[in-house]
Amino acid sequence: MGRGTGGARLMDTLIAWFTDPAHWDGPTGVPTRLLEHLQISFLAVGLATLVALPVGLFIGHTGRFANLAINLANIGRAVPSYGLMVALLPIFLLLAPALGYDPALGLTFLPLFASMTLLAIPPILVNTYAGLREVDRDLIEAGRGMGMREREILLSIELPIASPIVIGGFRTATLQVIATATIGAILSYGGLGRFIIDGLANRDYTQIFAGAILVTGLALGVDWILALMQRALTPRALRVARGSRPYRELAEAPVPAGMPNV
Amino acid sequence: MSAGPHRSAAVVEFDHVTKRYDNVERRPGSAPPPGAVNDLSLTVPAGKICVLVGPSGCGKTTSLKMVNRLIEPTSGKILIDGVDAGTRDVTELRRSIGYVIQQVGLFPHQTVAENVATVPRLVGWSKERQNERADELLALIGLDPAKYGKRFPAQLSGGERQRVGVARALAVDPPIMLMDEPFGAVDPIVRDRLQNEFLRLQEELAKTILFVTHDIDEAIKMGDLVAVFQEGGKVAQFGTPTEILANPASEFVARFVGADRGLKRLALSRVGDLPILAPASVKVGDDVADARKRAAAHSFPYLLLVDAAQRPLGWIAPDRIPASGRIYDTMADVVPPIVNRRTTLKDALSIMLDADVQAAISIDRAGTAQSLITVDDVVRLMREGQHGPTFGIEGDEDAAADSAGGPSADEIGAAVSAEAARTGDPVD
Amino acid sequence: MEGQQLIDWSWIGDHLDDILVRTLQHLELTIIPIVLGFIISLILAVWVTRQPRVYAPLTATTGLLYTIPSIAAFAFLRPIFGLSLITAIIPLTTYTLLILVRNNVAGLQSVPADVLEAAEGMGYTRAQRLRRVELPLAVPLMITGIRLAVVTTIGLATVASILGDSFGGLGQFITEGLQTFFPTKMILGGAMSVILAFVSDFLLIRVEHRLTPWAAARAARA
């Protein structure tokens, strides 16, 4: 990348690409692609949260079915998103008549959505579980001893204390989904991956690089916002001795700290 | 047993040692900042246990760690057999000093035998010799090598782990051992047992031991010498446990040893420290008139019935002696409490208070009655203040104190070791 | 699509040798980056234990590298290194660093302070301590990292096939299946990479148990 004159030339063409108004307008412009990218990412992370958070809270609080759930989550980790997306394509296409949705959805959106959701579930589930498990057992005993209900223990003791780790999982999931949703462009879904895939087809390296910058920039930007959220939601008493700059935590986001060794 | 003391011990001397922490840079995750040490000078004679005791942050652990240079002094010297430790190669120095810490620090990935053979391995012993030594040490600390050698530390109890830690520190027979709260992490019952085992071991090994604790009772029990540290890294008093209990040098020491220091001294003195008072004894078949005469001449009114070998059988109360005839064994109805020279006065007192006749008989290893002990004797000894032993373990003192008795000094020494396990060790 | 079977078993039966070749290629694409990444991250992790200050910028860098989309990374290196193995190896190695550095550091830091103090007090030199105490005790967390990195790399390596067929791997089935719209290949590529991931993970767990018999003793107690 930093290859002397080649690097300088690339820099010039990149600046030219980003300042070209044609790249910022219409259905193929950056804003549209950005929105498409955000849309699929948030839908996928949203559905994954709906599935993984309650399950994580349940197994984290009760300890029941924990091994099963964590093992399933780890199986989920092993599934390659690209392979899954492509493998799901013929299946969704086949199911379209039976389930009555537009086959076009089965060709693009659904395979990507499903594989991104699956990608987002393991980190959220594992971190929720690990976060809850890391809460000092004495605190829960104390809560019980003071007559708190299980629900109150979960909501007013376990979740607040575990919240940095739980949100850490959410951040990991979001970061991975944003970076990976690029592959949707292979199935002629939009999103920022479009620039990379089209650039690859046309051997337009400026466009590939621009696309990569946009995806990475989006991922970092969203993660930064989530890091601020994480900080805001961390109980003040637990904030002591943590790095003040969100970017320090960003670096730690993509892999959950306490991945249970199953 | 024939291996005398001082086989391999060294003199450790602190010479105006000071450690200051002006601007400490704390490593994350490290232990809390250690206490400073202020102009420490003291000498630990070879083969003695010197306990450094004091409140936390008083510099006792810092002092200990300066001996094997885990901490370097700011100024002053530590001399080991006259050689400045600061001039020695630090790795070689550490390998020649046994080191035991509270959390033991056994290597979790190595078996017990491998752990014990750590320093032998480091200094390049042959595999065979390492194994032999590990077996020998495990047997010494009372763990069956065949059963425990192949286990991992996680498969041991807390007490067993501590013992393995001691064995590991002894592996190359170092002249000095540093022990930092070695029994601090186990429950009181196990601690008491480990302390007794260690004292027994030390009688054989006679190492020079620096022992850190914050527990004054442990200090009194374990120490030949005790250095009481106070905040700011100063030694408030250095002396034998008896001296410290009898004459605290300052208000601080008096408060630190506690208001019950008189009672604590009872635990320090032993039956052997009392003057010998032969009981008025009779045998079956002795003439009654003669027996009466003997009882009247004695300060204690009861007669002790003994067998042919002078072993105590029971008390004969003065009112049960008939006007004439011979002594029969049926006259003795109360069995006297039996103690020995190594029984602490605390235990002896406790036994006597429980007995019908408040006196006890001290016997030697052969079971022969040696001396009569009464509650009054104990109280009198404690009132005399400083009177008492300097070091409880000294063999030659035993011999001197026992000159009136029959058995030789060697015999007493053997009895001391054999019976040390029994006295003051309620668990075993 | 109508009437076409989702999976054409006879095609699979006829192409078993192809599948084997692609699987071996995929293994190559996985093992090389893992080995390289592990060596690099181990050096970095030891550096971090000696110089804790470098950890934050180091993880920030590996984290940033991790967010670069793999397609873009492959595509971008193609004009530089052509359609060679290097083009695939560089990004895949880079992606392993985030996981491996973190876990190697965590592994080295998991060594209890009392164990380190005992080692120092008994006269271990720094090198001896690293080799005989710190590294062996770091093995469980290191292998956890390797497991995670292997599974991730197996998935990412499928994407390299988008560049074209030169180093192949199982992704080749996926991409070819997509281009010719042949569901058997599309599903086969994904399914085979999942199976490969499972088998690798299982084998690594076995390796871990073999390397750390003491950890089982500890787990049994806990």
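The model I am reading is a predicted one.

**Chain A, overall**

I looked up the secondary structure of chain A and found 12 helices and 0 strands. Read from the N terminus, the elements therefore run α-α-α-α-α-α-α-α-α-α-α-α, under the DSSP runs used here. I also noted the burial: chain A has 262 residues, and 47% of them count as buried.

**Helices 9 and 10 of chain A**

I then checked how helix 9 of chain A lies against helix 10 of chain A. Their axes are 8 Å apart, and the packing angle is about 160 degrees. That makes the two helices of chain A, helix 9 and helix 10, roughly antiparallel, because an angle over 145 degrees counts as such. The crossing of helix 9 of chain A with helix 10 of chain A is left-handed.

Which residues make the contact? On helix 9 of chain A I listed Gly193(A), Phe195(A), Ile196(A), Asp198(A), Gly199(A) and Leu200(A). On helix 10 of chain A I listed Tyr205(A), Gln207(A), Ile208(A), Ala210(A), Gly211(A), Ala212(A) and Leu214(A). Sorted by class, the residues of this contact between helix 9 and helix 10 of chain A are 8 nonpolar, 4 polar and 1 charged.

**Helices 8 and 10 of chain A**

Next I took helix 8 of chain A with helix 10 of chain A. Their axes come within 9 Å and cross at roughly 170 degrees. Helix 8 of chain A is therefore roughly antiparallel to helix 10 of chain A. Among the residues of helix 8 of chain A in this contact I noted Pro164(A), Ile167(A), Phe170(A) and Arg171(A). The contact of helix 8 with helix 10 of chain A has 14 nonpolar, 4 polar and 2 charged residues.

**Ile196(A) and the cores**

I came back to Ile196(A), one of the residues with the most contacts inside the largest nonpolar core. That core has 206 residues, and others with the most contacts inside it include Ala120(A), Val116(B), Leu210(B) and Ala72(C). What does Ile196(A) touch, apart from its neighbours within four places in sequence? In chain A I found Thr182(A), Ala185(A), Ile208(A), Gly211(A) and Ala212(A). In chain C I found Pro69(C), Ile71(C), Ala72(C) and Ala75(C). A second, separate core has 27 residues, among them Ala291(B), Leu303(B), Leu305(B) and Val339(B).

**Where chain A touches chain C**

I looked up the contact between chain A and chain C: 44 residues of chain A meet 42 residues of chain C. On chain A, helices that each supply at least two residues include helix 3 (66–78), helix 8 (150–180), helix 9 (193–202) and helix 10 (205–233). Helix 4 of chain A gives the most to this side, with 11 residues. The side of chain A that touches chain C divides into 33 nonpolar, 8 polar and 3 charged residues.

**Where chain C touches chain B**

This contact takes 20 residues from chain C and 22 residues from chain B. On chain C, helix 6 (113–121), helix 7 (126–159) and helix 10 (213–221) each supply at least two residues. Helix 6 of chain C gives the most, with 7 residues. I sorted the side of chain C that touches chain B into 11 nonpolar, 4 polar and 5 charged residues.

**Chain B, overall**

I counted the elements of chain B as 17 helices and 16 strands. Chain B has 428 residues, of which 42% count as buried. Among contacts in chain B with a separation of 6 or more, residues 24 or more positions apart account for 66%.

**Inside chain C**

Helix 7 of chain C also packs with helix 9 (residues 183–211) of chain C: their axes come within 10 Å and cross at roughly 165 degrees. Helix 7 and helix 9 of chain C are therefore roughly antiparallel to each other. Their crossing is right-handed.

Methods: Residues numbered from 1 in each chain as written. Chains lettered and ligands numbered in written order. Predicted model: local features only at pLDDT ≥ 70, side-chain atom pairs only at ≥ 80, totals over all residues. Core = buried A, V, L, I, M, F, W, Y, C linked by C-beta atoms within 7 Å. Buried ≥ 20, exposed ≤ 12 C-beta atoms within 10 Å, placed from the backbone. Contact = placed C-beta atoms within 7 Å. Helix = DSSP H or I, 4+ residues; strand = E, 2+ residues; numbered from the N terminus. Nonpolar A, V, L, I, M, F, W, Y, C, P; charged D, E, K, R; others polar. Axes fitted to C-alpha atoms, helices over the stretch in contact; angles between N-to-C directions. Parallel < 35°, antiparallel > 145°, perpendicular 65-115°, else oblique. Left-handed = near helix turned anticlockwise from the far one by under 90°.
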